[in-house]
Amino acid sequence: MPRIPTPDGSAAPPRQVIGYVLKMYPRFSETFIVSEILAREAAGEEIVIFSLRPSTDARFHPELARVKAPVIHVPRGSTSAKLWAQLGLAAASPSLREGMQRSLPELLAAGHDDAQQAVALAHAAQQAGVTHLHAHFASIATTVARLAGQIGGLPYSFTAHAKDIFHEDVDEQELESKLAQAHHAITISGYNLDHLRSRFPAATTRLHLVRNGLELSRFPYAPTRGTLPAADSADPQGPVRLLGIGRLVEKKGFRLLIDAVSRLRAQGLEVQADIAGDGPLKDELQHQIDDAGLQGWVRLLGPCTQQEVRELLGSHDVFVAPFVIGSDGNADGLPTVLLEAMARGIRCVAAEVTAVGEVVRSGETGWLVPSGDLDALTQAVAEAAAEAVAADPARVSVLDAARAMIEHSFDSALQARRLQALIQDPHAPASQDRFAKVQVSA
């Protein structure tokens, strides 16, 4: 890449344009991607977003309006005429023509949809001056980014999260190839890092840990400090308010939260729960609530924006994340909303799957229980609820420690610098320590 002379005669660094390749943008549930893009733009990086599918979400977070990056929707060839037109458009570029010839075996082996979108992405990236492709999730987005990188002569990288690693449908050979051929790869937890390095030892020499970041200014620390939140100040004897947030899918374990509320109320503890989110289990969970006679005590709120999530975290007593491993092998990696809850200053009870134990540690930063253990979950929620209503300032140390940990290890500005360093050097020691537990300095 040619360097541009500066006024003093020295060569300026080459212009970098990072192409974010996403299966769907925007996506209501993927706020961590928006936070990452905002942080990288704030750090001075130039971003272009490529969306492989049109968004199907009905609601959007207001933070999207702050993203400066243009969004390019990569066309899909629904007819042979459109496919040939796309190939002809790309072939007009000598470098892309050579790239397609060089990549022909891989294009023929790929699904026609992925192959066609890879050609279209390579062309769109060239038009936008992209110098590096970065995908989120090691599935479709990385498949297309990898092929487009081969065609366009661009390095690619990707971030692996959870479903793209643990789901039973993951193609082992394909994932290994993606790791081996990437300029660098990223994953979001020490658990994932060790898991992938153990599973693919020869292909993970450029795999790094960079945790999802939070824009901390949007999550001001407001611990309840042993008193009920202001919203309930008129009714200090009111029920303890529990909160669950996430898609209504099996791995979130919300059935257990409903069961825990039923048990706690049977024990005489006045609790109620709000569950925010949408998903395929909505009707099933509502039936469970109805069958248990918990109408009025457990509410399904539907999907919430980031602003609404912040308000919920500031108006409830205990955040409950009863994660389970799904019957299809799928499990949460390290859900952003759990980090947001810890940043905000609400007591957190979480079940241990994958990397959750890296951040939630009983007696230090929250309450960690075995996944699927309703007895342990109910007991932990009862303890957290008791602390929430007790006037004991010493017990706020758990909240202080959780906030300190988030500031230390999940600041999106720090994570953006780590990601930028890896673009410059795929072996950069800028990523987070693979062995270190998330540090607590409070």
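## Stop 1: the largest cavity

About 80 Å³ of space lies in the largest cavity. To find the spot, select Glu36, Arg211, Gly213, Gln415 and Leu419, which are the closest to the cavity's centre among the 14 residues that line it. Next, colour helix 1 (31–42) and helix 17 (412–424), the elements that give two or more residues to this lining. Helix 17 contributes the most, with four residues. By class, the lining holds seven nonpolar, five polar and two charged residues.

Here is how the terms work. On a 1 Å grid over the protein atoms alone, a cavity is a set of points where a 1.4 Å probe fits but cannot get out, while a pocket is an open set with protein on both sides within 12 Å along at least five of seven lines; lining residues have an atom within 4 Å of a point. Grid points are joined across faces, edges and corners, and the volume is the space filled by probe spheres set on them. Ala, Val, Leu, Ile, Met, Phe, Trp, Tyr, Cys and Pro count as nonpolar, Asp, Glu, Lys and Arg as charged, and the others, Gly among them, as polar. By the cavity rule, the count comes to six cavities of 30 Å³ or more.

A word on what you are viewing: this is a predicted model, where local features need pLDDT of at least 70 and side-chain atom pairs count only at pLDDT 80 or more, while totals for chains, interfaces and linings use all residues. Residues are numbered from 1 along each chain as its sequence is written, and side-chain values use heavy atoms, leaving out hydrogens and water.

## Stop 2: arginine 211

Stay with arginine 211, which sits in the loop between strand 7 (207–209) and strand 8 (240–245); helices (H or I, at least four residues) and strands (E, at least two) are DSSP runs numbered from the N terminus. Is this arginine 211 buried or exposed? Arginine 211 counts as buried because its relative accessibility is 5%, where buried means under 20%, exposed over 50% and partly exposed in between (1.4 Å probe, protein chains only). Now show glutamate 358: its side chain makes a polar contact of 3.0 Å with that of arginine 211. Such a contact is a pair of N or O atoms within 3.5 Å; within protein, one must be able to donate a hydrogen and the other to accept it, and residues adjacent in sequence count only if both atoms are side-chain atoms.

## Stop 3: threonine 365

Select threonine 365, in the loop between helix 14 (356–359) and strand 13 (367–370). Threonine 365 is buried, at 2% relative accessible area. A polar atom of its side chain lies 2.6 Å from the backbone oxygen of valine 359.

## Stop 4: glutamine 307

Move to helix 12 (residues 306–313), where you will find glutamine 307. With 34% relative accessibility, glutamine 307 is partly exposed. Its side chain and that of arginine 310 are joined by a polar contact of 2.6 Å.

## Stop 5

Finish with the second largest pocket, which has about 240 Å³ of space. Select helix 2 (80–91), helix 4 (104–109) and helix 5 (112–128), the elements that give two or more residues to its lining. Helix 5 gives the most, with four residues. The lining includes Leu83, Met100, His112 and Gln116, and by class it has eight nonpolar, two polar and no charged residues.
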